[in-house]
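Please walk through this structure with me, one part at a time.

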Amino acid sequence: MRRDDLVDGAVAGAVGSTVLNALTFADMAVRARPASGTPEETVRRLADATHVDLGPEDRAANRRSGLGPLLGYMIGVGAGAAFAVLVGNRRVPLTFATVALGAGVMAASSGSMTVLGVTDPRRWSRTDWLSDIVPHLAYGYAAAATWRRLRTRG
């Protein structure tokens with residue numbers, strides 16, 4: 001594996017993360033729904049579990065607000081890099097890569113929140129599932145398409 005492969009994977013993951021967030025914000029605007037508190041609650045529980053002090057509550061709340069989305073970007077960029085390591089120079093069908101990347105990121109984010117007790121997918125409504133699946137598949141497509149484009153350059 002070349003270092004460029006890892007960088008290309010991280011770039012693809014960053015593009016996918018941007019698309020995921022744009023769709024999520026568009027959904028919030030269209031349906032007039034509030035932002036989810038799960039990223040901040042995830043940070044709260046991670047900090048508690050690892051005994052990390054985020055400071056006095058007013059500052060801790062601000063840190064959680066910043067760290068929650070950053071955690072999402074880390075998962076997205078990391079998934080793109082992991083995909084690069086796993087795939088290497090093999091050509092992967094776009095549909096397979098889209099589903100693998102989207103499902104992988106959804107499992108990493110929702111799975112970690114489930115383990116921490118922040119959410120329980122067994123209690124999600126159909127709308128909840130669609131609100132999670134659609135942006136993650138968009139992440140997968142954007143990341144896979146970017147990966148493919150970066151691999152064909154030069």
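In which hand, left or right, does H2 pass H3? The crossing of H2 past H3 is right-handed. Keep in mind that this is a predicted model. The axes of H2 and H3 lie 8 Å apart, and the packing angle is about 110 degrees. That angle makes H2 roughly perpendicular to H3, because angles of 65 to 115 degrees count as roughly perpendicular.

Now follow H3 to its other partner here. H3 packs with helix H4, residues 94–115, at an angle of about 135 degrees. Their axes are 10 Å apart. H3 and H4 are therefore oblique to each other. The crossing of H3 and H4 is right-handed.

Arg63 has its place in helix H3. Its relative accessibility is 38%, so Arg63 counts as partly exposed. In sequence, Arg63 and Glu40 are 23 residues apart. In space, their C-alpha atoms are 8.7 Å apart. Asp48 belongs to helix H2. Asp48 has a relative accessible area of 52%, so it is exposed.

The loops come next. Most residues other than glycine have a negative phi. Ala32 has a positive phi of about 55 degrees, although it is not a glycine. Where is Ala32 found? Ala32 is in the loop between helix H1 (3–31) and H2. With a relative accessible area of 66%, Ala32 is exposed. His51 also calls for a look. The phi of His51 is near 60 degrees, a positive value in a residue other than glycine. His51 lies in the loop between H2 and H3. The relative accessible area of His51 is 73%, so His51 is exposed.

Turn now to the charged side chains. Side chains of opposite charge can pair when their charged atoms come close. How many salt bridges does a search of the whole structure find? The search finds 9 salt bridges. One of them joins the side chains of Asp27 and Arg33, at 2.6 Å from N to O. Arg33 has a relative accessible area of 23%, which means that it is partly exposed.

Glu41 and Arg45 both lie in helix H2, residues 38–50. They are 4 residues apart, about one turn of the helix. Their side chains meet in a salt bridge of 2.7 Å, N to O. Glu41 is at 22% relative accessibility, so it counts as partly exposed. Arg45 has a relative accessible area of 29%, so it too is partly exposed.

Glu57 and Arg64 form a further salt bridge between their side chains, at 2.6 Å from N to O. Arg64 counts as buried, because its relative accessibility is 7%. The cut-off for buried is under 20% relative accessible area.

Salt bridges can also be linked. Asp5, Asp8 and Arg151 are linked in a network of salt bridges. The charged end of Arg151 sits over the ring of Trp147, 4.8 Å from the ring centre.

That leads to the aromatic rings. A pair of aromatic rings is described by the distance of the centres and the angle of the planes. The count comes to 2 aromatic pairs. One of them is formed by Phe83 and Trp147, with ring centres 5.9 Å apart and planes at 85 degrees, so this pair is edge-to-face. Planes over 60 degrees apart count as edge-to-face. Why does the pair tie together separate parts of the chain? Phe83 lies in helix H3, residues 57–87, and Trp147 lies in helix H5, residues 126–151, so the parts that the pair ties together are 64 residues apart in sequence. Phe83 is buried, and Trp147 is buried as well.

One distance remains. Asp48 and Trp147 are 99 residues apart along the chain. Their C-alpha atoms are separated by 36 Å.

How values were computed
Residues numbered from 1 in each chain as written. Predicted model: local features only at pLDDT ≥ 70, side-chain atom pairs only at ≥ 80, totals over all residues. Heavy atoms only, no water. Phe/Tyr/Trp six-rings, centres within 6.5 Å; stacked < 30°, edge-to-face > 60°. Helix = DSSP H or I, 4+ residues; strand = E, 2+ residues; numbered from the N terminus. Buried < 20%, exposed > 50% of the residue type's maximum accessible area, 1.4 Å probe, protein only. Lys NZ or Arg CZ within 6 Å of the ring centre and 35° of its normal. Salt bridge = Lys/Arg side-chain N within 4 Å of Asp/Glu carboxyl O. Axes fitted to C-alpha atoms, helices over the stretch in contact; angles between N-to-C directions. Parallel < 35°, antiparallel > 145°, perpendicular 65-115°, else oblique. Left-handed = near helix turned anticlockwise from the far one by under 90°.
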